[in-house]
Protein chains: 2
Amino acid sequence: MTDARFERTRVIVFQAVSQVLVSEGLVGLTVDRIAAESGIARSTIYRNWPDLAALACEAFDELMHQESLDLGADPRTGLHDYLVDYARRLNDPTYTAMLVALIEGSWRDDAFAEVHRRAFSQTRSRAASIIRGAQKEGLIDPRLDIAQCVEDLVAPFLYRRVVTQNRITPRQVEELHSRLLERWTSAEK
Amino acid sequence: MTDARFERTRVIVFQAVSQVLVSEGLVGLTVDRIAAESGIARSTIYRNWPDLAALACEAFDELMHQESLDLGADPRTGLHDYLVDYARRLNDPTYTAMLVALIEGSWRDDAFAEVHRRAFSQTRSRAASIIRGAQKEGLIDPRLDIAQCVEDLVAPFLYRRVVTQNRITPRQVEELHSRLLERWTSAEK
């Protein structure tokens with residue numbers, strides 16, 4: 001298969017994977033189902049993605065990193081851009097349905113637990129780099145624990161979107177941004 | 001069926017429901033599967049629980065409310081007791097696997113979305129009553145928004161347990177308790 005043909009196949013297979021995850025969860029993710037959904041031959045799927053957990057991981061990575069924006073250079077703007085982008089991604093029903101399917105699968109299946117750990121260590125490392133940057137620039141108290149700050153940053157929207165299933169409004173983005181800055185700078189006093 | 005016999009049947013059926021939800025999620029929850037797991041006749045299950053979504057809801061309610069403790073009368077202790085109890089429930093793998101199954105199911109299936117909303121409105125109302133009590137007693141700034149306080153109270157452990165899949169340690173309970181009191185009282189100044 002040429003590179004261009006493989007790339008087309010890959011896009012179609014990944015779309016099929018996300019459709020199956022959204023409608024049926026990880027339980028529905030079989031080679032037969034992906035073949036039926038994508039029109040790609042089962043043998044092609046087997047050959048290129050022998051491991052379905054790895055395929056789900058790749059498809060989710062792709063979704064996580066598409067249109068990943070450049071964050072503002074100023075740490076206050078950077079933090080704001082991060083929250084806006086994070087809310088946008090969580091508000092995308094496909095993104096959140098895939099995320100929830102991964103979380104659920106990883107509670108029942110060790111193969112997906114690894115996928116899930118990888119996806120979340122990426123989220124955490126992106127959030128952590130925003131926080132480290134803001135500490136370096138003096139916006140955030142440098143003594144604050146980074147893991148705790150990451151939790152403060154990502155937990156509220158994840159809870160609101162994944163657990164209570166509400167959309168995140170622009171106003172909630174502004175409020176969380178102010179609240180975090182207030183909390184993280186007042187520790188200095 | 002006598003009341004005592006029905007009660008025995010109910011306990012066995014609920015155990016079977018939680019086993020199926022933990023091992024297979026909502027996708028696996030069928031009358032055949034519950035009958036096979038419990039040894040109770042399919043006709044008995046159909047007759048008593050014609051709606052599987054309602055059955056899953058009842059089983060989850062039962063799990064949520066068992067050993068529900070009396071909270072300390074002093075609001076500071078009450079908040080602490082609430083966090084200890086909440087961490088204990090989330091650390092129970094059956095509880096959290098059922099919770100995750102419900103969350104996942106409710107993203108894909110309207111019947112379960114209602115179950116989920118009911119379960120979470122109960123969690124929220126219990127947390128909200130703790131917060132209202134603490135506001136009345138003067139421990140928490142009465143101007144603080146209750147919904148926001150509930151989110152501050154429940155989101156960190158839910159994120160840690162459901163999303164990052166770590167156990168909640170006694171130290172994390174103490175830290176969140178101190179952090180919340182500090183945050184909620186400093187708003188007064």
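B:Ile40 counts as partly exposed, because it has 19 C-beta neighbours inside 10 Å. A residue needs 20 or more to be buried. The model is predicted. B:Ile40 sits in the loop between H2 and helix H3 (42-48) of chain B. Which residues does B:Ile40 contact, leaving aside its neighbours within four places in sequence? They are B:Thr9, B:Ile12, B:Val13, B:Ala35 and B:Ile45. B:Asp51 is 11 residues from B:Ile40 in sequence, and their C-alpha atoms lie 16 Å apart.

Helix H2 of chain B also holds B:Asp32. Is B:Asp32 buried or exposed? B:Asp32 counts as exposed, because it has 9 C-beta neighbours inside 10 Å. The cut-off for exposed is 12 or fewer. B:Leu63 is 31 residues away from B:Asp32 along the chain, with 22 Å between the two C-alpha atoms.

Now take the packing of H2(B) on H1(B). Two packed helices are described by the angle and the distance between their axes. Helix H1 of chain B spans residues 3-24, and helix H2 of chain B spans residues 31-38. Their axes come within 9 Å and cross at roughly 115°. The crossing of H1(B) and H2(B) is right-handed. On the H1(B) side, the contact is made by B:Ile12, B:Val13, B:Ala16, B:Val17, B:Gln19 and B:Val20. H2(B) brings B:Arg33, B:Ile34, B:Glu37 and B:Ser38. By type, the residues of this contact are six nonpolar, two polar and two charged. B:Ile12 and B:Val13 of H1(B) take part in this contact, and both also touch B:Ile40.

B:Val17 leads on to the core. The largest nonpolar core has 100 residues. Which of them touch the most other members? They are A:Val17, A:Ala56, A:Leu102, B:Val17, B:Ala56 and B:Leu102. H8(A) gives the most to this core, with 10 residues. B:Leu102 shows some of the surroundings. Not counting residues up to four places away in sequence, B:Leu102 touches B:Phe60, B:Phe112, B:Val115, B:His116 and B:Ala119.

Next comes the interface between the chains. Here 22 residues of chain A are in contact with 22 residues of chain B. Helix H6 (93-108) and helix H8 (146-163) of chain A each supply at least two residues of the side that touches chain B. Which helix gives the largest share of that side of chain A? H6(A) does, with eight residues. The side of chain A that touches chain B divides into 13 nonpolar, five polar and four charged residues.

Helix H5 of chain A runs over residues 75-91. It has 17 residues and reaches 24 Å from its first C-alpha to its last. That is close to the 24 Å expected at 1.5 Å a residue. Which residues of H5(A) are buried? They are A:Pro75, A:Gly78, A:Leu79, A:His80, A:Tyr82, A:Leu83, A:Tyr86 and A:Arg89. An α-helix has 3.6 residues a turn, so residues three or four places apart point the same way.

Last, chain A as a whole. Its secondary structure comes to nine helices and zero strands. Read along the sequence, the pattern is α-α-α-α-α-α-α-α-α. Along the principal axes, the C-alpha atoms of chain A fill a box of roughly 65 × 35 × 30 Å. Of the 189 residues in chain A, 36% are buried. Among contacts in chain A with a separation of 6 or more, 61% join residues 24 or more positions apart.

Key: Residues numbered from 1 in each chain as written. Chains lettered and ligands numbered in written order. Predicted model: local features only at pLDDT ≥ 70, side-chain atom pairs only at ≥ 80, totals over all residues. Contact = placed C-beta atoms within 7 Å. Helix = DSSP H or I, 4+ residues; strand = E, 2+ residues; numbered from the N terminus. Nonpolar A, V, L, I, M, F, W, Y, C, P; charged D, E, K, R; others polar. Axes fitted to C-alpha atoms, helices over the stretch in contact; angles between N-to-C directions. Left-handed = near helix turned anticlockwise from the far one by under 90°. Expected span 1.5 Å × (residues − 1). Core = buried A, V, L, I, M, F, W, Y, C linked by C-beta atoms within 7 Å.
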